[in-house]
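Hi,

Here is the structure I promised to pass on. Have a look, and then read my notes below.

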Amino acid sequence: MKPRALRALWGGGVLALAAQLAGCALPLVAREQPGALRAEVVARHGPPTAVVALPSGERLVYSELPSGFAAYNLDFDPSGRLVRNEQVLTQTRFERIPLGVWTAAEVHGTFGPPLRVERVARFDGDIWTYRFRQNSDPRLAHVHLDRQGVVRQVLFTDELPHGDNLRD
């Protein structure tokens with residue numbers, strides 16, 4: 001075989017391998033398709049991070065927090081069949097939280113447990129922090145819940161790598 005033909009064959013093999021590896025990068029829970037049975041999903045992925053009763057079924061939340069950047073809502077109909085699978089830790093989803101309406105239960109039922117819960121002097125309540133990626137940049141969403149557990153504001157910050165926020 002000529003060197004040019006070998007390089008073309010080698011290059012094609014590398015591209016095929018890269019395509020396969022890219023497919024593996026998607027978390028397994030993200031690959032669950034509508035119609036999957038709840039019991040089979042739990043058998044494949046283990047217990048969910050949270051279970052939420054819905055008016056027409058049940059939601060299983062599988063979160064990658066604290067180390068990851070995604071949380072998947074798997075919504076099942078009353079018969080236990082998957083009807084929707086959505087990654088919800090996105091800026092768009094956080095921006096859609098209705099201020100003064102949603103409660104801690106709705107935030108938890110949509111996004112799962114937060115990365116951390118904090119308090120600050122200038123806000124009388126808890127701040128739930130979630131990490132996510134926006135255009136591959138690590139970001140943080142800070143959901144401010146008042147003492148009654150109602151969302152009052154959502155703020156966004158960049159998540160800085162360790163040491164990048166040190167002052168000289």
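First, a term you'll need: a residue is buried when its relative accessible area is under 20%, exposed when that is over 50%, and partly exposed in between (1.4 Å probe, protein chains only). A50 comes out at 6% relative accessibility, so it counts as buried.

Some housekeeping. This is a predicted model, where local features need pLDDT of at least 70, side-chain atom pairs count only at pLDDT 80 or more, and totals for chains, interfaces and linings use all residues. Residues are numbered from 1 along each chain as its sequence is written, and side-chain values use heavy atoms, with hydrogens and water left out.

On confidence: pLDDT (the predictor's confidence in each residue, from 0 to 100) averages 86 over the chain, and 80% of the residues score at least 70. Watch residues 5–25, though, where pLDDT stays under 50.

Back to A50. This residue sits in strand β1, residues 50–54 (strands are DSSP runs of E, at least two residues, numbered from the N terminus). Beyond its neighbours within four places in sequence, A50 is in contact (heavy atoms within 4.5 Å) with R59, L60, V61 and H108. G109 is 59 residues away along the chain, yet its C-alpha is 7.3 Å from that of A50.

The other one to look at is R131, in strand β6 (residues 123–134). Is R131 buried or exposed? With a relative accessible area of 12%, R131 is buried. Its side chain has a polar atom 2.8 Å from the backbone oxygen of S67, and it also makes a polar contact with the side chain of E159, at 2.8 Å. (A polar contact is a pair of N or O atoms within 3.5 Å; within protein, one must be able to donate a hydrogen and the other to accept it, and residues adjacent in sequence count only if both atoms are side-chain atoms.)

Cheers

Methods:
Helices (H or I, at least four residues) and strands (E, at least two) are DSSP runs, numbered from the N terminus.
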